[in-house]
Structures are given as structure tokens and as C-alpha cells.
Amino acid sequence: MKTQMMRNLTLLLLLAFVLCSSVLSWKKEEFRTCNQTPFCKRARARKPGYSSLSAREIRIENGDLKANLIPTQNHENPEDQHASKPLILTLSVYQDGIVRLKIDEDPNLDPPKKRFEVPYVIVEEFDQTKLWLQTHSTEVDPSSSSSSSVVYLSDGYEAVLRHDPFEVYVREKGGKSVISLNSHGLFDFEQLKVKKQNGDENWEERFRGHTDTRPFGPQSISFDVSFYGADFVYGIPEHATSLALKPTRGPGVEESEPYRLFSLDVFEYLHESPFGLYGSIPFMISHGERTSGFFWLNAAEMQIDVLASGWDAESGISLPSSQSRVDTFWMSEAGVVDTFFFVGPGPKDVVRQYTGVTGRPAMPQLFATGYHQCRWNYRDEEDVEDVDSKFDEHDIPYDVLWLDIDHTIGRKYFTWDRALFPHPEEMQRKLFAKGRHMVAIVDAHIKRDDSYFVHKEATQKGYYVKDANGNDFEGWCWPGSSSYLDVLNPEIRSWFAEKFSIENYVGSTPSLYIWNDMNEPSVFNGPEITMPRDALHQGGVEHREVHNAYGYYFHMATSDGLLKRGDEKDRPFVLSRAFFAGSQRVGAVWTGDNTAEWEHLRVSVPMILTLGLTGISFSGADIGGFFGSPETKLKRNTELIRDAIHMRYTLLPYFYTLFREANTSGVPVARPLWMEFPSDKATFSNDEAFMVGNSLLVQGIYTEGSTTHKLEATEETVPAFQRSGTIIPRKDRFRRSSTQMVNDPYTLVIALNSSQKAEGEVYIDDGKSFAFTQGAYIHRRFVYADGKLTSLNVAPAALGGAQFSSECVIERIIVLGHSGVPKRALIEPEEKTAEIELGPLDLKLGLGSDFITIRKPNLPVAGDWTIKIV
Amino acid sequence: MKKLSVVLISLVICLLIAASTVRSASSPPKFQFLGIAPEDEKYYESSEFIKCKDGSKKFTKAQLNDNFCDCVDGTDEPGTSACPNGRFYCRNKGHVPQVLFSSRVNDGICDCCDGSDEYDNKVTCPNTCWEAGKAARDKLKRKIATYQEGVTIRKQEVERAKAVTAKDEAELSKLQSEEKTLKGLVQQLKERKEQIEKAEEKERLRKEKEEKEKREAEEKRKAELEAKQENGEGVTKADDEYKTIESKDDDKIGSLEGSPSDQDTMEDHDALAAEHIPSDASGNEQPSSLHDVEVHPAKEIEESAAISESGLDVGSKVSPEELVNTGNDVSETTEGLSKEELGRLVASRWTGEDTRKQTEKVDEKDNDLEDNEGTEEMPDDTHDHEDDGYASETDDEHHRYDDDIVEDVEENYKEDPLDSSSSYKYESDTESDSSDESSPSSSSWLEKIQQKVRNILQAVNLFQTPVNQSDAARIRKEYDDSSAKLSKIQGRISSLTQKLKHDFGPDKEFYSLYDQCYESKQNKRWDKFEDSYRVMVFSNGDKCWNGPDRSLKVKLRCGLENEVTDVDEPSRCEYVALLSTPALCHEEKLKELQHKLDLMNKEQPQSHDEL
């Protein structure tokens, strides 16, 4: 890959040193293994070719291709009695190369209840991109004489339903396969049952003293998915593991746990583990000679195997061998098959397609992209003031100060412990006077205290999740005995959202934003530290069906609350620990309670890259670690931290531009190398280095005293490189917070490529409101070619007449890799000149003088202009 | 025309007034010199080309404050925010001048009380220097008063410390010479004692031989009466030997006790061990292996229950492998806990607290707060945390007229250094039965001993055989007494040496703090002074849950008495205490403060009369 060394950014990531062997304190036995999870154990024991379903009665209905899946008579399998009733298969196609496949029980055959489909994940706009099928064609494979139905997708792709045994795949028109489902015949669908009176059936499951009544019997679903033209698969967060997912089964695999998707509050989690953490997104991306993606919209516990090449050697099933391929096996405890195939073909295409279904990442407020300061906890107002003033004393900018659970009365959220925080409004206003914001915590548990207004109302209105017997579920969490709001229900979410109004949330001001923790949900005395699976949500939905999306709905309700509070004019900022597909629309997430160890620093990079690939472009890790205490050589470290944070702030204009790119295309801010260099095989499994946007490459340093790639870099630096051919906008003046930087002038850093060309963009808006959705923003493209830098408008003509203007100028243009001896710069159209000198690239460190600097061109950032180096 | 001229004149006057007001309010320098300290202006006026202070570059006068950063160190942009390393100087007439990070210039926030840091008309900053200055001046005056008195106390303190140190040193050197002499005496006595013992031994052997010969002779004759006499002598001898051993033991014990440093260390260990936090609550460090034994059978059953599933896996059995796996798990006892206990247990993992204590605390707090709600009671410990030394002003003022307290404190100081050592001395002396209780400062006892020993040594004729029994006893007694004395002296020497070895500051001004206890003394290990004797560091305390080893920094402030004014925990398990002490009332600092006040008063505009 072509990069040009920019400089050693002292982007210090962490000052952590290995402290103690706290890894041992992970309570492994409290969590189920696949073998202790009946549906997983059963599914994994099946052999390829197990499935006996064939597609019949193929038809077009409501613009969809439909079929019935019927067990084949001649197939004798003792286990498949439960699949005796036909299932309904629905295949739909959408614009931009998306295929949706649903399989469910036939509602006309009187199932005991409707299986759960996860609401509020798919965006409305997506439904409007549906292509209504009129016909399908049938083709017969001459070699096997098996028949298939084919529908045209778009851009030269076709979706194919093979009839017997049934298989669904997407292929390039008449050619190579892209993704397929059930190619290995592992499809299984357990249908709901009702317990017979006096029946000897007992479906109860017990784990560590907890009993799951399972009133509808086993209802799991499993199938295999193959990715073609793929070397690696990625995605399915959240696991503390490598970016490229290692195989979990097959030749050469010792670790035999599948990747688990079951959102849990895991005390002192391990790095390098397929164990599921706080959030779950059942979306996987494959990359190799092409990129494709697969998403299963299902919120029940999921287990996913990545199968090592050769795992199916004895099955007798042969798939096209001309293409590299990765096979995977998906298992879920409940729900329906509602899956999406994304054809790519490039990495950015797949994330665009996926976020076309689940929504684009929300545009954050500018302040939220600054530095955040958080600790459990700040004792009182004096402590807050002290920490705030210390930042100024050390000239370290920051934007947000966070309050954890102990600012409340007995962990009753929306309250203030007035002995410690007697003047919360004044405290927030003081911070805001310096352009700083505050975040307070609102957790998912509600203290069962009759004097607590939230509890009182929720009880009266029946807004809590119920236990298996229909009583308000009671669990234990930070406040002691607690209950949990049934946020699956929009009415309850709306009621909860009202609690965030300035009027209802006494002590809050408009500069207060919110943080949701423990929303997996965490239940200290529940099975696996969460809610029992047979707890009941409204509409008879069992918690097992909705579990992985619970935190997302809570996050959504909070975000809606802030939206309402600001009269829909203020972009909400809500950070959540739990997440699901779609969370990118409502806020940011962080990687939970990590440990101040190098290994956790190391794994935070693939964790965040994975989140970005699965739509969540706004995420972060506790840099100092939550557990443990990094060793501090204080003085030196304070310097390093200041430099790193200053660097972050100079790059805010670039970051903000990238957030806008994510907001329009789903392409994340932090990207795996292969997203920018998709044909460079060496990058496919690299997760030590990553790209920030398309222009900056960052190589992490993850051990003490290490030197990497023959660079002079230690743990005190993080080398970063600007890619040649790019232009980065910066603001080089340091302020107390991002708020004071708004009017500061820009610096453009141009890294020319071998043909003396470069391009870059800057996006600017008011940093807080939704006016940008009406066109109130500045979006410029800078193009450097033939010794001339030109600024072009790329914003469409304002939609609703909304305008955003900026008087900011460009005070400095730095050109790297310029050949020849320039004398001065000529500004068109005014015919002014600006001086050129050999200048330092960086004011703070004063590194290097090999670059030319155009001094004070003072060009308006919002205007059209050209500047020529002569 | 006349009218017009009047108008003109009044206009001119107005302008003049306006100009003078402006000048007297802040008298801003030319924009080009904005942000430059007056004493620095020469640097910028010197020539057409000005050097960056770090020597890296030159810039023209036109580039001074032209809102573009030319010097990495910020030399060329003292008055703008263009340079990240720049510093902005505001004069703040009527108050104290201030140097800001240049990032504060034109950022929309008024930082200088004269408003000079905001000049781009985006915000208007009123000049508040006079009001702020008055408060600061008053504060400064109070501080100066404290310092004035503090300096006197400190001087007395230093004198006292000098006297005490000199005394201690004199005592030490005297003790050392006494030790030397005494050592010599003891050595002599020892030698003489050994000679006596040798002689006695010889005598004994001779006697034995004689006895033998006698016995042999008696055997031949009659033997009844002589046998009785022989037995009596044997008993006496055994007695003597026993005594010698005893006194040796005494020596050993004495020297052990005489080393206070050893003792302290031992105490520390004990205290640390006692303070060790029970770790079973968090389960991090000590999984309760005892409980494991109870858990396993239950877990196996449970596991097989989890795996079996009616209709599908009925009859399937837990593989031995799984059982082994389960058996190896290090587990907490969760079995048999009530739902609530389980919840508390899991919560305690994050807090590191004892489960029962934690929840009680939450509940308690909860209740307390609810009771207090509305009344808005504030805890009465609102100490100022400023680092500028203004911190304990109110306290100082409060105490400075409180003569009783001051006197008390002074009295304490007089006694203290002696007290600790003398109490030790008396204690050990009372244990001994020696009769000469003269203070060690008078050396007559030594002379007496010397004389005594000389006499004894002269009196005892070694070559007299048989050895005179009473002489031998005297020698032994003298030897015992002298060596006991010696070990006592050695103990005192070692404690004095330890004390004098401590860092009591350049003027030994912290001498009076020796062995003092202010509020609760923690069993932390005294480490060192930091920040030119303004901070005392106690480090390497016991391990803190999910945090570093406990440590304490004691920040010292000038005050009229030694007292702890505040304790804080700014970072987990890192404590900071404020201790006011006259030891910190330096004369130079007082001069500095007075100078500062003079400056502030000098800048005072005519219109404002403070007094």
C-alpha cells in the first residue's frame, strides 16, 4: 500500500501496564457453554445433509417469491418429527443488491403463538426500495437434474431457490456464487408446541439453580451459510477477539466454543475469547477476492460457528471448488428466519447495503467527538470542579465530564444526592460556560422503592417486564431489588422518554446528556447475570426471543427522550453498553468494563473495527481501563496524554467530516486496512494497524518497549501516516474544548502522490442541530493537480432553503512531497499572493522542515477559489 | 462660532477623559505588544529581526502578533492564539498580572480580570480587577500577617531544633566516647573475669587433683568427714556458672530492645497484616476452596439436569469429561444463597466490598439522604483547595489570636524532642537494678565506674592462689553492671543516630514533627520529602482493591500551628492531606508576599481608595 510517512503522532493510546492476573477472576462457570445449551449442543451434533426439506408450490405473491418447505417423505430422520408441518419461505429482492429471505411457521396452520419478529430495526426507507417481483424463471441443472427458481436481483446478480433439497443463494448472473444458505443441508426449524395435560414431556431447563420453564418447548433454528470468494469472515460483535474471525470447528481447531451472541454483563472479560459480551449484532461480512454480507434479524441467543476449511470433507457434498469459500453455521434459540444477503462487491458496498436496511449512523454533535473524562465516580460538586480546573491548569482540552451511579440518591436515576450535589444546574452551567457538557447515568434497572416516582408510576401502569407467573419481575442490581421496564413496547418507551424533559428531570439542564449502562439487562441474581428467558414482555413475547435487542430499545427510549427534550432540534447523545443491529441510529457504544492491561488495549482495536463494520461507527473503549490501575509515571504521562489529546483536537475537522461520511454511507470512521486496500491480501487479517478515514493509517503499539516495523516508535507514540494523494483538514489552535474551536482557522495538509495530485474533503455544520438534514451545511472538496489547489462545492443546492455559513478561513496550507522550488502562491480569482516558506509540519513538536507551507492564504473555507504554487 | 468652539472644547475634554479613563483602567499596550510582559518588551523592541526564544528561527516585527505562528515556542504570537505553545500576559492593573495559555485568547471566555484576552468583539469582558484585587489583597494581607507570625515561630522552631539537635549530637558524641571507654572497661573486666575463671578452673583442677590424691590417700585411711566438705564447694561453683549465663542473656535482650527502628518495622508489619482487606467478598484473590468441596456434587446434578431435555436428550448422561471440567472450575459458592444474597455477591465484585457491609451502606446512605433531603445540609468541611497557598487562611486567622493554643503548642515543642527519648531512657533504666541513677549527661557515674574498676583490678591479685572469692564476685558483678550499661548506651546511640539521620529539612525546621501524631497516624511508610520540602510522601501502603498501593501525600502550608486541615482522596487509594505548620513559614516567602502586595497597591488607580 502506498503511504507517505506523515510523522509520529504521539497519539498515546494507553498508559496501561500489566497489573495483576485478574483474567483468572472471569467467572467462567457462571455462563453456559454450547454443551450446556441444549439447542446448541443438538445443532452442532448434526451432520451435513441432515435437512430433508424441499421447496414446493413455488409462486409469486405480493411481489415476493414464495414456497412451502415440506419434509421429504423418503428421508428418514428420527429427529425431524417436529418439522412435520410445512414452513413458509418468502424471498424478496431490494435495490442495491439486497435479498431478504424469511422462513416461518404457516400462520394458517394454527401455531400455538406467533413467533417473534424483531421490530424497530429495519428502517422504513428500506421497505420503499423493494423491487416487486412479477415472475420467476425455472432452470434445471443438467448434471443433477435438480430444478431451481431464479429471480433477477440487480446489477447483474440473481437470487436462486433450488427446490430439492431446498437451498437459497445469490450468484453473479449465470456465474459465480456469492452467498448461499443450506448448501450443506444443516437447516433445522423446531416448531412451537403446547404442553399437553398429563404429558410426560418436560421442557424445563435448569442452570445453576435457575429454572427456565420453556412453555413452548424447544423452538430453535439453525442453518449453514457459505461465503464465496472469501478468505476471511468478520463482524458478529461483541467478542473480545481478532478482527478476522478464527474458525471454531473443523480441522486444526482445538477451541470448540462457537461465537456466542447473547448480551451479558461479563465481569472482567477475557481477551481472545468467542464468548459473547454486552451487545450482539448478527451481521457477518466476508472478504477475499470480493466482499459480501449476511444478516440474520433475530434477537434470541445465537451461536455461530466459523468452519475451518475441510470440515465437510466426509460429507460428500461438493460445492464449486474454483472459488475460495468460508462456511459458517448459525444457530438461534428462537424467533424466525429473517435474513439478508448483501452482494457487495466491495467492502464499502456491503456496509452501505447493511446500513441501508438497519439505518445509517446518527450524526453526532461536534462536542461528542471531543475528549470525554469519566470515572466511577466523582464524589461531589467540589470534586467535579477540581477535575475540571485541573484540565485547564494542564492545558488539556476536554468536552464532557461524566457522572456515574453514585451521584443519585440510592441509585434512583433522575435524582441527585443533594448532600454531594446540592446545585446540579449550577454545576452544569459552570461547565457549559467553558463550552463543556456533562453526562449523567441512567441505568436500565428501576429501584423498587415506593417513594421513587419512576417505580411508582411504572408499577401502577404495569410497565414492568413480568416473570413467568405474570408478576412484576424482580431482580437485584445496583440499587438492590429492582424491576425492568418493558421497553419493547413503544408506549412504555414514550412514557420513559418523557422522564428526560427538563421539567421532569429535576436538576438537569440542556447541556446534560445521558449514558445507559447495565442494559443487557444486567440482573445480578439472574441466570448468567441477566433476566430469565421465560420472563414475559407485553404481547406474550418471551424474554428469550427479545433478549439481545432489549438494551437497544432502552437506548432508543433514552435517545428519544433527549430528542423530545430538545424539541427535535438538538441531536441526542446517549452512550450505551448494550447494543443490537440498529443501535447506530440512536447513539454511541463503548466496549464495557475492560481491564488496564496491554492485552485489553490490543483487543480494543479489533473490537472497535468490528463495531464499525457492523454499522456502529461511533464507539470507543475506556482508554485507561475500567478494572485495575495503570501504572503512572505521572509527569511524563501527563505530557503524553496532553499531546495525544491535542492531536485528537487538531484532527476534529477531519473526524467530523468522516462522521458525516458514515452518516450518509455507513462507511465507518475507523476502518480495517482491507476496506481501503481491498486487494492487498496482507491486510486481510491485520488488526494491529487500521485506517482513520481513507487518509490516515495508524499503527498501534501494544507492548511496553516495543519497536515495530523498523520505525522508531515506542509505547509512548502511535505512528500514524497520511496516505499519499489525500488532503486532511485540521485546526491547529488548541482550545479548552471543541466549542471554542468553532471560529478557528483551518490548516490543510496535502500529501501529494507520485503524480503530484491529491484530494480531500471537509464537512462543516452547526455541530448540534438537525438543520443539516435540510441542507444547512458546508461540504467542500479540495483537489490538488497541476500545481493548483481548488476548492469545489459538493453540497447539493439547499433543500429547504436552510443555509449554514462560516467565516472560517484557511490560515495555512502544508504541502508534502512537492517537487521543485516554489516561490509564492497566487490566489485566484483575487490575484493576491501568499508567501511560501519551508515550514514545520507540526507546531507542537516542530518536526521536519521538508515541507512547504503557504503562509496566511486566508481563504474562506466556504468559498470557491484556486491557489496556484508558482 | 463661539458656541461651536464650546462644543469643540467639551468634545476634546470628553475625548481626553475617555482616553485617560481607558489608560487608567487598563492602559493597553500597542496591539503589536499585546500579551507581552512589561519586563519583556525590550526583547521585542531590540531590532527589526526578532529571534524566537528557543533560537530556532527569526521573524520580522511585522510578524509579531500577526496571527500566524512562526516560532514553535510561540515567541512571535504572545497576543494571539496562533501558537499552541504561546503565553499571553495580562496586566490586570489593581490585581495581579496573569500569564495565560494563548489558547485562551479570543475564545469567548473572559480569563483576565482586565478583559484584555478577549479583543475580537465577540464577547465583552468587564474589567473586574479592582473588585477581585481587593479580595485578593485582603487575603494577601491576612496571609502576610500569618507569615509574619509564622516566621517568628519558625525561627524559634529552628533555634530550638538547632539546640535540640546540638544537644542530641553532643549527647551522641559523649555517649560514643563513653561507649568507647566503657567498652574498654568491659573488655578489661572481661579479660580479668576470664583470667579469674581460668585461675578458678586451674584451682578447681588442682583441687580436684588434690582431692583425688587426698581421696586416694583417705581411702587408704578413713574418709567420712572430708566427703561433706567437698560437696559444699561444688554447689557454689555451679551457682556461679549459672549467673554468668544469665547475664549474657540479659545482654542480648537489651540490645534487641535498644533498637527502635527494628521495633517500628515490626509494628508496621503487624499493622499491615491486621489491615489486610478480607478478599473473600470479591472472590478475586482467594476462591474459597473449602466451599468448592461442598459445591461439586450439587453442580454435577445441576449440570446433567441442564443438559437433559425431555423428548430429545432423555437418558443422555453427562460425560465424564464434562464432570472433570466442572470439577476444575474455580468457583464461588453461589449455591444455597437466597436471591438477594446472590445479587449482593455479584454486585460486590465491582465494588470490592464485603457483601453485607456494602448493601447496608447503600441502604443507610439512602435513608440518610432521604432524611436530609430538602434541608440541604452541607458538611462543614469546606476547605479551600487552591494550590496557591491561600488554602488555610481562615484557619490561620482563627488561630492566630488564640494564644493559649499557641503556647500549648510551644510547650509541647519544648518537651517533645526530649520527651520521646527520655521516656525511653527512664523506661529502660527502671528495669535495671543498678543504683546509680544519675543522668547520662553527668559523667560522674562513668568516672565512678572507672575508679571502681581500677580499684578492683588493682586489688585483685591474679596471681594469688587460690582466688579470693569475694574479689571474683566483685569482678563478675562489675562486669555484669558495666556490660548492661554499655548495651543501654548503645541502644541510646542507635536511636539518636536514627533520629539525626532523618531528613528534617535544610534548617531542621521539621525537627519538632519528630514522633508527633496529628489526627490519626496511618501505618504507611514514610518515604521522603518532595517539591522542596512542601510535600511529605508516604508510599507503599497495602494493596487497594482494583487500585494502586495506598499512598499518602501530606502537603505542607504555612500556619501557626501544626495541624491537619484537610484529607482528600483525589484518585483511588491515593490520599492527600493538608498540614499547616510554622515550618513552612519562610522569610523569603514573606518578603515575596509583601512585594506582591506592594505591587498590587502600586497599580492601584487614584480614584479608588482602599482604606
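**Notes on domains and disulfides**

1. Between domain 2 of chain A and domain 3 of chain A there are five residue pairs in polar contact, both residues being at pLDDT 80 or more; a polar contact here is a pair of N or O atoms within 3.5 Å, where within protein one must be able to donate a hydrogen and the other to accept it, and residues adjacent in sequence count only if both atoms are side-chain atoms. By class, the side of domain 2 of chain A that touches domain 3 of chain A has two nonpolar, no polar and four charged residues, with Ala, Val, Leu, Ile, Met, Phe, Trp, Tyr, Cys and Pro counted as nonpolar, Asp, Glu, Lys and Arg as charged, and the others, Gly among them, as polar.

2. The model is predicted, so local features need pLDDT of at least 70 and side-chain atom pairs count only at pLDDT 80 or more, while totals for chains, interfaces and linings use all residues. Residues are numbered from 1 along each chain as its sequence is written, chains are lettered from A and ligands numbered from 1 in the order in which they are written, and side-chain values use heavy atoms, with hydrogens and water left out.

3. In chain A, the assignment, which is automatic or from a database, places domain 2 at 445–590 and domain 3 at 647–869. Six residues from domain 2 of chain A and eight residues from domain 3 of chain A make up the contact, meaning heavy atoms within 4.5 Å. The centres of these two domains, taken over C-alpha atoms, are 40 Å apart.

4. Domain 2 of chain A and domain 3 of chain A bury about 440 Å² between them, 48% of it on carbon and sulfur atoms; this is the accessible area (1.4 Å probe) lost on putting two parts together, summed over both. Two salt bridges are counted between these domains, each a side-chain nitrogen of Lys or Arg within 4 Å of a carboxyl oxygen of Asp or Glu. Asp765(A) forms a salt bridge with Arg571(A), with 3.1 Å between the closest N and O atoms.

5. Seven disulfides (cysteine sulfur atoms within 2.5 Å) are found over all chains. One of them joins Cys34(A) to Cys40(A), S to S 2.1 Å, and is left-handed because the torsion about its S-S bond is about -100°. Cys34(A) is buried at 2% relative accessibility, buried meaning under 20% relative accessible area (1.4 Å probe, protein chains only), exposed over 50%, and partly exposed in between.
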